[in-house]
Every structure is written in structure tokens, then in C-alpha cells.
Amino acid sequence: MAKGNYYVGLDIGSSTVRAVIAESRGEDEVLRVIGVGKTPSFGMRRGSVVDIEAVAKAVNVALEQAERMAGHAAERAAVSVSGADLLCQEALGVVAVGRADGEVTEDDTTRVLGEVEARLTMPLNREIMHVEPRDYRLDDIKNIKDPIGMRGVRLEMNALVVSGSASHLKNIERSLDHAGTTPTHLVAEPIASAEAALTLKQKELGTVLVNLGGSTTSIAVYEDGDLLHLAVLPVGASHITNDIAIGLRTSIEIAEAVKLQYGTAVAKEVSKKEEIDLSLFDSQEEDMVSRHHVAEIIEARLEEILDFVNEELRKIGREGLLPGGAILTGGGAMLPGAVEVAKHILRLPVHVGYPKSLGGILDEVDNPEFATVIGLILYAEKSGPGSSGFPAGRVWDKLPDGMQGVAEKIKFLSRKFLP
Ligand SMILES: Nc1ncnc2c1ncn2[C@@H]1O[C@H](COP(=O)(O)OP(=O)(O)O)[C@@H](O)[C@H]1O
Ligand SMILES: [Mg+2]
């Protein structure tokens, strides 16, 4: 059978690094998950790299697990970028239609996209990550979704540009380099998550994706099929854990265990009599604590996070106004009661977002925590082998075809010797 196409997604979260390898082969070309790796994340703070070597090590562990399972070296990967310094802004591009008869062609839409980037004055310390076309204007006709085939003279594009801090992106690339993999795409985390957890219909209707990660919560709002807004808030589910640790005067480890085992976000549904015995988590602890109190702590912090989400929606005039509602992904979405609290605070229909199911062996990825990494694979498949703007591969990629297999093996091995 012919060799398939491989896609690797690498989600470097603030709590966990996840790697997934998928293959599409055969006539149906369906994507099948063939390898999964998951390991605690180190060296990240609020979505940004603070220790390149620590991140490289964690990436290495996750990729190696996935590679072993898949029997395929993850030389290149589509990688997620979070971090509170992701920003979006509107931008315009204008070109003269190329053909003498005025018919708009793909060449014009490509050129106008280039013009958006060229006209945008980015500060030196920021780099463009995505230019998401929104609509076009052809002479005096506005709000055109697809101008190809229409006739006119002046083509204008309105786009949403997502940018990140240049040094942050460099640090991610450096960590990946140390881990022996090359990024083919650097994708803003909520865009990747939305790729996996939102349907086209939801994107049309108007929907907000809310990814409740460890130390960040990222959101992406879609309407009429286009990205309308994107933001990363520097607060996430690990802050709930911190609050529990402070509230119960216990360690972060015990607080996390209490949250995972007994946590719920709806305090009124928990009896005030119910108690949690902390000595079950650590023999040195002897306190009994109220489960109702724990739920109150969780509820308060979750409400605060969702208030921030509302603030972002207010900025674009969509607070309480998205017919597609909110879709929650990330580890925080698994907190019992999260949907209920989100319905109340956001005043929207709310659901947990499970990633679109791919074929393959693994149920493990059928979980809102895996939305980002599955989305990376879908994003990479959709947008083709590599994107411009990133280093065009290293020495391995420039070897003649016959040598590629050897190169893959050497790289596969070399990852294991990383200190
Ligand atoms: N079953 C669960 N119930 C409540 N919280 C959970 C559950 N599973 C994971 N979490 C929380 O989700 C957070 C991690 O989410 P994740 O999406 O993996 O973060 P990141 O992508 O930033 O690494 C942690 O704070 C963890 O406690
Ligand atoms: Mg995440």
C-alpha cells in the first residue's frame, strides 16, 4: 500500500504537553490517529516559554511517546501558541484587479491578502501569525464573501490579523529545535481548538469557543463563518486549584486532587453537611473540609473567568448575543457544573466541545482536553504541507529522497539522547 500522509499536532499547554500523530492513507483519505503522547508541561508560564530547555524536554517526552506508538518520527509538527500577548486587529488591503476584462481571479485574492500584511505597520517586536479574510469590497459593492468571477476595478479585503510577540514565538521555535522537531505551522490555540470543536454551522451562526486551560483561557468568536475576535486571558483552571489550596490551607497537590475528585462548580447542589477527609490524600493532613465550601471557591473563580469572557464579548458587541452559544474546551471544561455556571454567566446556550472524531485506535483523544491538538492536525491537513514564513526545514529536509528514511531514523534516535 502507498505510504500515507502524516500529520503531527503538538499542543504545548501550561499544564500538559500533548502530541498526536495521524495518518491519512488509502482511497478514502480519512485521518486516523496512530500515536498519542501526553506529559506534564514544564517551563511555560501563562502560555509563554520561560525555560527553553524545560519545554524542550517535555516536548521531547510527548513526541517520543507518540512516535513509539505510531512507529513514525515526528520530524515536523503543527504547534499551538497561547500566551496573553496574542492580539487581533482589523486590517485592510487594496489592489487593482489584474485582468483587462476586470474579472477577479484567485491571483487577485492572493495579492490582496499580501497587501493586508504589507500595509499593516507591526511594531518590531510583534509577528503576524494569521491573516483571516473576512469580506471583500469590489468597487462599491460591499460584504462580498467570494469575489472570484465577479467584475470590477478595485478589490478591497477586510481581514482580521492575529499577531504574537516575536520573542515569544522565537522561544517556542528554539524549544522545538532543541527537541528535534520543526514547526510547519504555528497556530493560535483557540483557532486550533475551534477547528476541532466547532461545526461550520456554529461558525456561521455566531459562536464563541472558550478553551479553559491551566493558566490561560483563550477565546475565539466566529460569525458568518469568519473569525470575529480572539483573545487570551491570563487566568485558567489552575487558578481554581490555587484558590482551593489557599482556602483549605493545604498544598497545591492536595488542592488539585480535591478539585479532580470532589470538585463541582455549582455550590447550591452540594449539601452543607458533606465533608472531605484530607487525610485520604496525605497522611500528614488531618482536617475534614466542607465540600460545599470547596464548590463555593470553584464557583467564584469560574464566574470571574467567565466575567472576563463576557468583557471580551462586550468589546465586539456580542455579549449574550451569539445564537450558536459557547463551546467549552480544555481541561477546565471537564469540571462538573462548568456548563451550568457558563450558561448563567454568559447568558448563552453552552456545551462541552468534543473534538471531531478521527478514525483510529484511540478513545483517549475523545475528550475536550484534546481539542487543541486534534485541531492542529485538522488545520495542518486543511492548509497543506507547510506554511510560508517559517524556516523551510533543516538539513534533513534537503537530503535527496533516498536518504530521507535514514535521516528519519537518525532523528528518531537522536531525540532519545537529549539530556
Ligand atoms: N476532570 C477534571 N475536572 C476538573 N478540572 C480538570 C479535569 N481535568 C483537567 N482539569 C483541569 O484542567 C486544567 C488543565 O487543562 P488543559 O487544557 O490540559 O491545560 P493546558 O492546555 O493549559 O495545559 C488543570 O487545571 C486541571 O486541573
Ligand atoms: Mg491547552
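Mentor: Helices here are DSSP runs of H or I with at least four residues, numbered from the N terminus. Keep in mind that this is a predicted model.

Trainee: Which helices each supply at least two residues of the shell around ligand 1?
Mentor: Start with the shell itself: 20 residues surround ligand 1, and Gly-13 and Ala-237 are among the closest. Ala-237 belongs to a helix that spans 237-248. Another helix, 252-262, also gives at least two shell residues, and the two are helix 6 and helix 7.

Trainee: How many residues of the shell around ligand 1 are polar?
Mentor: Gly counts as polar here, and the closest residues include Gly-213, Gly-214 and Gly-331. The shell also has four nonpolar and three charged residues, and the number of polar ones is 13.

Trainee: What distance does helix 8 reach from its first C-alpha to its last?
Mentor: Helix 8 covers residues 291-315, which is 25 residues. The expected span takes 1.5 Å times one less than the number of residues. That expectation is 36 Å, and the helix comes close to it, reaching 36 Å.

Trainee: Which residue just after helix 8 takes a positive phi?
Mentor: Helix 8 ends at residue 315. Look just after that end for a phi of about 65°, and you will find Gly-317.

Methods:
Residues numbered from 1 in each chain as written. Chains lettered and ligands numbered in written order. Predicted model: local features only at pLDDT ≥ 70, side-chain atom pairs only at ≥ 80, totals over all residues. Near = placed C-beta within 6 Å.
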